[in-house]
Amino acid sequence: MVIGNKEFKSQKGAIEYTRAIARKYGSLAYIHGGDDFEYLMALFERHPKSIKKLGCGIRAFKVITNFGGHLAFSIIRMDGTEDDFSFISCVKGKERSGKAYLKEAMRQAIALQVSVFKEYKAMEFKALHPDADGVNDFECDGCKVRINQSLDAHVDHVIEFSRLQEAFIEGRNDIPKIFNDRYHGLKEFRLSDMNFSDEWEKFHGEETIFRILCSVCNSMRLTKNLIGDGKRSLNV
Ligand SMILES: [Zn+2]
């Protein structure tokens, strides 16, 4: 099997090689460049939930000690948030396909809508609560708890993103297959696919319903889809 530019005879070999990287740096060390970063990036891309975990892109990997007392890795995103992942799941996982890249490029294309929504919600909250700073203060649309940290306020799609995506691409014959690399781990549309990208942005802007969730509601949503009506049908 091949991960990045390393070839292994077995999964066991890949697991041992990855453990050796963790040991070389030691617990709490950051890896943000060089061959080990490139290898970990290629490894991370094999994680079954890599796109969801990727978020706004990866700045660094961090060596952590997991609950079992073993060395493991977490990702540090561009916005400073941290998330752990099982590198063994990555070794056992698959290389990302063109379909996954398409989904990622489609997420990138609507990233501005996400940040505009977040800014709007912060301003709306400030209008109701004069003590709020207009940037970091939000109310969770799930449990109604007050959120005081912008990083803890997650913008969630009430109708799942993948449903919107599927509805948009259905029947189209101009679905992009090749993408540009934006920065580590992120794909975006090429200039020649701007028509597809623009129409997708417009469609998404018209059809999506966003809400703010706190970290707790968001993680429940990711694991069990407990909150909201994410399963409801689309009017398209
Ligand atoms: Zn909540």
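Author: Helices here are DSSP runs of H or I with at least four residues, strands are DSSP runs of E with at least two, and both are numbered from the N terminus. By that definition the protein has nine helices and 12 strands. The radius of gyration, taken over C-alpha atoms, is set against a globule rule of 2.2 Å times the number of residues to the power 0.38. This is a predicted model, in which local features need pLDDT of at least 70 and side-chain atom pairs count only at pLDDT 80 or more, while totals for chains, interfaces and linings use all residues. Residues are numbered from 1 along each chain as its sequence is written.

Reader: What makes the protein as compact as a globular protein of that length?

Author: Its radius of gyration is 19 Å, close to the 18 Å that the globule rule gives for 236 residues, so the protein is as compact as a globular protein of that length.

Reader: Why does Lys144 count as exposed?

Author: Lys144 has 9 C-beta neighbours inside 10 Å, so Lys144 counts as exposed. Lys144 sits in the loop between β7 (138-139) and β8 (146-147). Its phi is near 70°, a positive value in a residue other than glycine. Most residues other than glycine have a negative phi.

Reader: What percentage of the 236 residues count as buried?

Author: Of the 236 residues, 24% count as buried.

Reader: Which strands form the open sheet, and in what order?

Author: Two strands pair if DSSP finds at least two bridges between them. Four strands form the open sheet in the order β3-β4-β5-β6, with antiparallel pairing. Strands β3 (30-31) and β6 (82-85) stand at the edges because each has a single partner strand, so one side of each is left without a neighbour in the sheet.

Reader: How many bridges join β5 to β6?

Author: Four bridges join β5 (residues 71-77) to β6, and the two run antiparallel. Within this pairing, Ser74 has Asp84 in β6 as its bridge partner.

How values were computed. Buried ≥ 20, exposed ≤ 12 C-beta atoms within 10 Å, placed from the backbone.
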